Amino acid sequence: MQGIATVRAAPPGDDTADDATFLADVRAFLDAALTPELRAAGRRTLGVHADMAACRIWHSRLHARGWIAPAWPVEWGGTGWSARRRFLFDRECALNDAPLLFATGLRSLGPLLIECGTPAQRARYLPAMLSGEDMWCQGFSEPGAGSDLANIVTRARRDGDDYIIDGTKIWTTGAHLANRMFAIVRTANGARPQHGLTFLLIDLDTPGITIAPIIDLAGEHEVNQVFFDGVRVPAGNRVGAEDKGWAIAKRLMQLARANNSPSALVRRILHRGAQALRALDDEDATLLARLAQLQIELEAFAQVEQDALPSGRPRAHDDATPSMLKLIGSELHQKVAAFALDVAGPTAMAARHGSDEDGGGAHAMAKYLTVRAATIYSGTSETHRNVIARWML
Ligand SMILES: Cc1cc2nc3c(=O)[nH]c(=O)nc-3n(C[C@H](O)[C@H](O)[C@H](O)COP(=O)(O)OP(=O)(O)OC[C@H]3O[C@@H](n4cnc5c(N)ncnc54)[C@H](O)[C@@H]3O)c2cc1C
C-alpha cells in the first residue's frame, strides 16, 4: 500500500547531537544482538513479557552490555541514564521487536531495596536480579483485596526468628515462572486497615507454597493464585519495620510506575498494526485516519511520560500524575489493540495464534483480548479516576 512510509517517528522534540550518538550506539547494539528468533519472540508476545527462553537470552545480552537496569544508579549496576535516554532506548527496543523482559524485580523491587533495603538484602538480592538468576513476582492482591488493597487478610505470625504465613494471593503475574515473591501480609489488626501490614521477601521454593494457574481470556497462562500453608520466612527478609509495610508497598508502586514505559508497550502494537495496514491490497481511508490519530496520541503521551519523571526518581508525596499516566496509557493501549484488530479484519478469526501463516491476524485478536486487562492491573481505571478527581477537589 502506498502512503504509509514509516512509523519510526522522531521522538517529541529534535534529537540533540548527543542523542544522535546515543541512538547510533543503541541501534548498533540492537542490530548485532537481536537475532531473527529473538525478534520473532518479541512479535509473538501477548502479555507483559515474551516467552521465558527468549526473556532469558535477551536478559543476559543486556546484562553483558551493562544495560539491564536503565533506571538504577550506576553504583548499583544501573546505567544512570536520564528519563529521555531511557525513553529513547525503550522506543528503539519496541521498534525493533526486542523481547519484553520478565522484569518485575528490576523495575520495582530493585529500586526499592536500593532505597529501603538492609545492606544484607542489597548484597544478596541485587546482583541476582541483575544477572537474571532471580525472577520476582508481586504478591499484593487477594480474593477480597484488589482496589481496596489494605483489606488483605493473609497472615504472618512471628515464631522466633521466622514469620509463618497462611493465606492466599491472587492474580500473581508470573508466579509459575519466578523463584521469588515480594508480598505484603497482615501481622496485626490496627485502627485502620493500612496499619499492621508487613512487607516480606519470600523464596517460592519454601515448603507450603502451592501455585495454581489462572487462564485468561486469550487462553494464556500468565496469572496465578498462590496458596500459603504454614510457610516459614526468615525475619531478616522483612523490608522496613513490622506493621509498617503499607508505606513500603506504596513506595514500591511509585518506583515501579517510574521505571515502566507504557508508551513503549503501545508503540509495539501500533508499529505492528501499521505494518499490517501497509501490507493490505487496498487503501482504507478510515484506517489511515485512525493510524494518524493514534500516532499523535502516542507521541503526546510519550512526551508527558518523559516530562513527568525527568530525574527517574519519583517524589514521595502523593499527587495525581502517576494515576493520570496509568489511566491514559492503559486506555490508549486498548485503543491501539482495537485498531490492530480492525486492520486484521476477518483474518483475526481465521488462524491459530503463533502459526507462521496467520499473517498476524490471529495474534491481533489474542492481543486485543489480553490487553483488556490493562485497565485492571496496576489499579483499575475507575480507581485512578477517583484519585485524580479527589486530587483536583
Ligand atoms: C492480568 C492481571 C495481572 C495482575 N497481576 C498482578 C500481580 O502480579 N500482583 C498483584 O498483586 N496483583 C495483580 N493483579 C491484580 C490487580 O491489581 C487487581 O485485579 C486490581 O487491583 C483490581 O482488583 P480486583 O480484581 O479485586 O477488583 P475489585 O477491586 O473488586 O473491582 C471490581 C470493579 O469495581 C470497581 N471499583 C472498585 N472500587 C471502586 C471504587 N472505589 N470506585 C469506583 N469503582 C470501583 C473496579 O474499578 C472494578 O471495575 C493483576 C490483575 C490482572 C487482571
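1. Arg390 counts as exposed, because 11 C-beta neighbours lie inside 10 Å and a residue with 12 or fewer is classed as exposed. The residue belongs to helix α12. Between the C-alpha atoms of Arg390 and Pro193 the distance in space is 20 Å, although 197 residues separate the two in sequence. The model under discussion is a predicted one.

2. Ser378, a residue other than glycine, has a positive phi near 55 degrees. Its place is the loop between α11 and α12. Ser378 is partly exposed, because 18 other C-beta atoms lie within 10 Å. Asp243, also a residue other than glycine, has a positive phi near 75 degrees. Asp243 sits in the loop that runs between β8 (238–239) and α7 (245–258). With 14 C-beta neighbours inside 10 Å, Asp243 is likewise counted as partly exposed.

3. The protein is divided into two domains: domain 1 comprises 17–98 + 261–392, and domain 2 comprises 136–253. Their centres, taken over C-alpha atoms, are separated by 28 Å. Contact between the domains involves twelve residues of domain 1 and nine residues of domain 2. On the side of domain 1 that touches domain 2, helix α11 (residues 361–371) gives the most, with three residues. That side of domain 1 is made up of seven nonpolar, four polar and one charged residues.

4. The ligand is surrounded by 19 residues, and the closest are Phe140, Gly146, Ser147, Thr380 and Glu382. Two elements, β1 (136–139) and α12 (381–392), each give two or more residues to this shell. By class, the shell holds seven nonpolar, eleven polar and one charged residues.

5. The largest nonpolar core contains 94 residues, and Met181, Leu200, Val336 and Ala340 have the most contacts inside it. This core also lies between the domains, because domain 1 (17–98 + 261–392) and domain 2 (136–253) both give residues to it. Which residues does Leu200 contact, leaving aside its neighbours within four places in sequence? They are Ala156, Tyr163, Ala183, Val185, Val233, Asn237 and Arg238.

6. Strands β2 (residues 155–159) and β3 (residues 162–170) are paired in the antiparallel sense over five bridges. Within this pairing, Arg157 is placed opposite Ile164 in β3. The two strands form a hairpin with two residues between them, and Gly160 in the turn has a positive phi of about 65 degrees.

7. β3 also pairs with strand β7 (residues 221–234), in the antiparallel sense and over nine bridges. Here Lys169 stands opposite Val226 in β7. Strand β6 (residues 209–215) is a further antiparallel partner of β7, with seven bridges. Ile214 faces Val223 of β7 as its opposite residue. The hairpin of β6 and β7 has five residues between the strands, and Gly219 in this hairpin takes a positive phi near 85 degrees.

8. For reading these strands, a general point applies: in a regular strand the side chains alternate between the two faces of the sheet.

Definitions and conventions
Residues numbered from 1 in each chain as written. Predicted model: local features only at pLDDT ≥ 70, side-chain atom pairs only at ≥ 80, totals over all residues. Pairing = 2+ DSSP bridges. Helix = DSSP H or I, 4+ residues; strand = E, 2+ residues; numbered from the N terminus. Core = buried A, V, L, I, M, F, W, Y, C linked by C-beta atoms within 7 Å. Buried ≥ 20, exposed ≤ 12 C-beta atoms within 10 Å, placed from the backbone. Domains from an automatic or database assignment. Contact = placed C-beta atoms within 7 Å. Nonpolar A, V, L, I, M, F, W, Y, C, P; charged D, E, K, R; others polar. Near = placed C-beta within 6 Å.
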